[in-house]
Amino acid sequence: MSRRINLNAINFDETDVTSGIRIDNSIEKYRFTLDETEHDHLLGGPGNAGHTSPLSNRADLPFSISAWVNLREAPLDKFNSIVTKWSQGVGGLGAKEFLFSIVKSNVSGTTRTRLIFALYDDVSNTGTQNRFRGSVDFPLNQWVHVVVTYGANPDGENDVTDITVYQDGTELINDQDGQYQINDNYEAMPAYNDSFSPLVIGNVNKYIKDGVHEEMPFRGKIADVCIFNKKLSESEVTEIYNNGAVKNMANFSDTDSLVSWWKLGDDLDSPRPDGIKNYIEGANHGTISGAATIVPEPSLLTDRVRDKNHTHTARSPSRQPKNLANDHQVFIHGGIGGDMPTQDPTQASPGVVATNQKILHTFWKAEAGAGKTHNIKVFGFSYASGQWAPLNDIYGDPIELTTTDDPVDKYRLFEISGVDKLYFKQTGDALVDSDLFAAAVSSL
Amino acid sequence: MPGKGFSHTPADGQFRNYSSWGRTRQPKNIAGPHGTQATIAAADPAGAVGHITENQRFLHLTYVHAGGANAAGTITVWGFSHSIGAWGKIIDIRGADVEMDTVGGATQSQVFEISGIDKVYFQMPAVNQDANDEFYAACSTF
């Protein structure tokens, strides 16, 4: 049996505008762009009394951000924040440094959902930005790998933004129309911002408009966010994209440049304060806020494996439940397991081998919906009879799971008393791709 | 000879400590040494939370309501198996929800069959909890 793991992700719920992950002690840690005008505006920012700006004449620092995102919806002119250092409406200068986001907007009569990245010149408080907007539509309801790199233009070349954005390993073309005061000339924007905003994943720090908190939460899920202290090369972006499977960054070719890696829900992560761990330095952890939650995401592939090689070799019995799908953490419906059958088994149906164990463990998570009925029926096969038949437990009750109207999220146990093989069939209204069903067996 | 005989006090290091992974007849506290209270939270479980059961068969719960103003409530037990990788509310082999009602001003105890689930998590609304109450969880197999 392999050491495959199921990834989790963070689901951000925009009905709570504060949904996000705030990174601890991140104001200076992730400050990459600097105010080169010697204006120590940070002294005027909230929470930074007595702060001294870094030395003037220090150039911007190069950096890159990588993330896996699954955007659920994109209302017009609503930003879906991926990673930001950004505040508005809190008073004072120095509130905005960068914004990595997705927004649906109407540009010259064409409505598109675009990946954008902006560096802010916020000293003047005019909203001046160096901004990149992808020229292709951003897809919904699928996992996409996004990367932004900033090289800091070390040679001070004119007309160079030194911003590159990738989507699924492919470099995007910048598609701007002068909507903002955009300066492609690095020299003309000496005052890139020194933000006092913390780093936030899935939202901005604050966005107060007309006295109302609006913030800009992501509408969907985000997994595996990484920050690097350099401009990634195209080949490195391809390496991290990893043909669509979340890469085990411990195997990245330049781990020295990897400053932070938040797995967002995996390994030691939890909803506790500082529960979203930075697995690089043991500091700068994140705290979930608002309605953001850790969710299983079996459809998100990865080449990460569990540290311990957990190999089931015994046919039976086992105290610990053994997954019936012949691989650890694989769902019978959902994720890479695909869909559950909708027909009764035939004599030729292979089913799944139950290794003659006593207890069947089933996990079922489904959204259901008004007027919908979902049913999962379990069939058993014994070599003694050579027949498939609907399975009843030792109490005479059919082994099946049903829900009407209501969502389910349950771990149901059945006593199957050593049946040889099992077969799972769904009936009623079809389960959707995001529904999950898994089964395991044990002998206790 | 050191270490032998019924009345002889063995030298340090000559006790054999059994550290079994479950399979105990005596209920074994899953939060720590005997007398350690288990954690109850109001939120649904997610990520690396909960208590390890050592794949034991039975779950023993005891809730001591100290008689405070908090009303009696229901403790819901969630289960997690590494083979599945997700949390779900446990329903036992008889089709019953694995949950226990607390009783105001009294001690309530109940045993459930959890059939070797790897981890459990205990949930109860905050309004039903009180810092003076006590909650214990243990597992056994026989």
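## A tour of strands and rings

Begin in chain B by selecting β4(B) and β8(B), which run antiparallel and are joined by 7 bridges; strands here are DSSP runs of E with at least two residues, numbered from the N terminus, and two of them pair if DSSP finds at least two bridges between them. The model is a predicted one, in which local features need pLDDT of at least 70 and side-chain atom pairs count only at pLDDT 80 or more, while totals for chains, interfaces and linings use all residues. Residues are numbered from 1 along each chain as its sequence is written, chains are lettered from A and ligands numbered from 1 in the order in which they are written, and side-chain values use heavy atoms, with hydrogens and water left out.

Within this pairing, pick B:Thr62, whose bridge partner in β8(B) is B:Ser109. Strand β4 covers residues 58–64 of chain B, and 5 of its 7 residues are buried, so it is largely enclosed by the rest of the structure; buried means under 20% relative accessible area, computed with a 1.4 Å probe on protein chains only.

Now select β1(B), which pairs with β10 (residues 134–140) in the antiparallel sense over 2 bridges, and where B:Lys28 stands opposite B:Cys139. Shown together, these strands make an open sheet of 4 strands in the order β1-β10-β4-β8, with antiparallel pairing, and its edge strands, β1 (28–29) and β8 (107–113), each pair on one side only.

Move to chain A for the aromatic rings. Rings of Phe, Tyr and Trp (its six-membered ring) pair if their centres lie within 6.5 Å, and planes under 30 degrees apart count as stacked, over 60 as edge-to-face and the rest as tilted; by this rule there are 21 aromatic pairs over all chains. Select A:Phe63 and A:Phe98, a tilted pair at 5.2 Å centre to centre with 35° between the planes. A:Phe63 lies in strand β3 (residues 63–71) and A:Phe98 in strand β5 (residues 96–107) of chain A, so the pair ties together parts that are 35 residues apart in sequence. Both A:Phe63 and A:Phe98 are buried.

Finish at A:Lys263, which lies over the face of A:Trp261 at 4.6 Å from the ring centre, a charge counting as over a ring if NZ of Lys or CZ of Arg is within 6 Å of the ring centre and within 35 degrees of the ring normal.

Note on methods:
Buried < 20%, exposed > 50% of the residue type's maximum accessible area, 1.4 Å probe, protein only.
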